[in-house]
Amino acid sequence: MSETINVRKQQKLRERQMLLQQPGLVCIIVAILLILVVFCIYPIIKLLVTCVTDAEGHFDLSSVAYVLKKTNLGKTLWNSIRLGLVVATLSTIIGYLFAFAINRTTIKGKRFFHIISMMPILSPPFVISLAMILLFGRSGMITKQLLGITGHNVYGFTSLVVVQTLAMFPLAYLNLKGVMEAMDSSVENAARSLGAGRLKTFLTVTLPLSLPGILSAFLIVFAKSLSDFGNPQVLAGEYSVLSVSAYTQITGLYNLRTGSFMAASILVPSLLAFFIQKYWVSKKSFVTITGKPVGQVDLINEKHIVYPIFIVCCLLTVIIMVFYGTVVWVSLVNTWGVDMHLSLKNYQFVFRSGSGKKALRDTLILSVISTPITAILGMGIAYLLVRKKFAGKRLMEVATMIPFAVPGIALGIGYVLSFNQKPLLLTGTAAIIIITLVFRTLSVGVEAGSNSLRQVDKSIEEASTILGANNFTTFTRISLPIMKSALFSGLLNAFVRSMTSVSAVIFLVSVRWNLLTVSIMSAIESNKLGLASAYCVLLMIIVLVAMTVLETIVNKAFGRRRVRS
């Protein structure tokens, strides 16, 4: 035992000595740690401190007492948790159905179903809320035009459940799809060969093996629902949730401390769900066979199973297409509910008005700047976390996850509190929006890059070092090409989230710098639904074009380099 401890100590000493022999690498690590502390950890600490101090910085719980006595915090918190539980349950069920259909059955149109399920991820979070109003509102196409119902109240809990489920089930689907693909199909095949029917095989083998993924998907969607701001802001009505209440306290009542405490209240359930998923559920697996799956998956082709699953997938697909099709249609009519003739008036306003062009230009500029920074920084941090050992490694890992795990509204308030005075006076500038977009998305790129590197033997990079290459050359010529798919994923995710972000940046926009998502929110609140629809359509087109461009750029940059493992 003592010998093992001594060996480990000697190994750590050698690693530390090797690191000290690379001063450039040490400087990079220290710089990244400092940046992460300032922009990922400090804003959350500042948010929490503001809740319990007064303007002079003295300990003061008056804002806490005010919230507890005057704002009905308990009911609002329960509303948020209740909404999250219902949405997470429904989204996980639908996501599992889609993942099972695509990976375990012979249904037709798998590629089509996959593409349609991705639409809510590639669009602003409140597009479906806008469609809900257009379809079921007071002048809704279904409620008024088809059914003749006037004055229908579309706002509230039920509508929120529908739109959040449609918007968030893709998160559960992607998580469960990965679980299904990684599952050892030989276990299911063995059950079938021993005489088990499809239902018994599913209940005794497939479902138990999927449980870690199911729980993980549930927690991801639950945390996402808790932190959602766009959909509740548009559709909540009298159903109060914490994110909207915090926003109202700050923008409506100008009470920054009260809003900060409300935003901080979301941190507890949201962070708890995130870290349970990250550090407990994701580490568990009920798969008992090691090695690669043997044999092919025995796809279900029985009609009495395939047809009902296919019908359910088709129904959900039709619903999604109707919602998005409605937004496109409304953007092309003259005045929704009054003059339904086709017109390009809304698009002309976007491109001719100063505010429309400015919002479009600002969003593109800020997203184009933040995207490569996010992706490259994410790949660099992933390389350090996977390939290097150094003091502060755990701190770096946790710091990159905090902005992604905390609700966007809390992060935005934290940035306002942290960077509104010297020496870091950034409020009102483009820099603070870019920084928010970068660190809000950084964790996804780090995770993708880390997963890619773990699949490749590090001896490839060691060979480069032995041949005289420095760390920078090894990273750019060896590691980065290995992470090509992760780089594309990081670039795409960073751009999409930058283009569609609202909760984290709504407090940071200014007269000088505005964003499309904020303009969409303003148009909806002003009942300019046609204009809001046009903004949404343009935003989705930009995202789809960016996907193609980014894939082309990454393939040209790294496509010819082959790295064999």
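Helices here are DSSP runs of H or I with at least four residues, numbered from the N terminus. A cavity is a set of points, on a 1 Å grid over the protein atoms alone, where a 1.4 Å probe fits but cannot get out, and lining residues have an atom within 4 Å of a point.

I noted that this is a predicted model, in which local features need pLDDT of at least 70, side-chain atom pairs count only at pLDDT 80 or more, and totals for chains, interfaces and linings use all residues. Residues are numbered from 1 along each chain as its sequence is written, and side-chain values use heavy atoms, with hydrogens and water left out.

**Cavity.** I found one cavity of 30 Å³ or more in the structure. The largest cavity holds about 40 Å³ of space, a volume being the space filled by probe spheres set on the points. Its lining is S80, L83, S225, L226, D228, P232, V241, L242 and S243. I sorted this lining by class and got five nonpolar, three polar and one charged residues.

**Core.** I then turned to the largest nonpolar core, which has 157 residues. Such a core is a set of buried Ala, Val, Leu, Ile, Met, Phe, Trp, Tyr and Cys residues joined through side-chain atoms within 4.5 Å. L36, M396, Y415 and F439 touch the most other members. Helix α24 (residues 529–558) gives the largest share of this core, 14 residues. I listed the contacts (heavy atoms within 4.5 Å) of M396: leaving out residues up to four places away in sequence, M396 touches I29, I32, L33, L36, I381, L384, L385 and F390.

**Helix α6.** I checked burial, where buried means under 20% relative accessible area with a 1.4 Å probe and protein chains only. In helix α6 (residues 127–136), nine of the 10 residues are buried, among them V127, S129 and M132.

**S117.** This residue lies in helix α5 (residues 110–118). I read a relative accessible area of 0%, so S117 is buried. Its side chain reaches the backbone oxygen of H114 at 2.7 Å. Not counting residues up to four places away in sequence, S117 touches F98, F169, P170 and Y173.

**S63.** I placed S63 in helix α3 (residues 62–70). At 4% relative accessibility, S63 is buried too. Beyond four places in sequence, S63 touches C51, R257 and T258. I also noted 10.0 Å between the C-alpha atoms of S63 and M262, which are 199 residues apart along the chain.

Key. Buried < 20%, exposed > 50% of the residue type's maximum accessible area, 1.4 Å probe, protein only. Helix = DSSP H or I, 4+ residues; strand = E, 2+ residues; numbered from the N terminus. 1 Å grid on protein atoms, 1.4 Å probe; cavity = no way out; pocket = protein on both sides within 12 Å on 5 of 7 lines; lining within 4 Å. Nonpolar A, V, L, I, M, F, W, Y, C, P; charged D, E, K, R; others polar. Polar contact = N/O pair within 3.5 Å; in protein donor to acceptor, adjacent residues only side chain to side chain.
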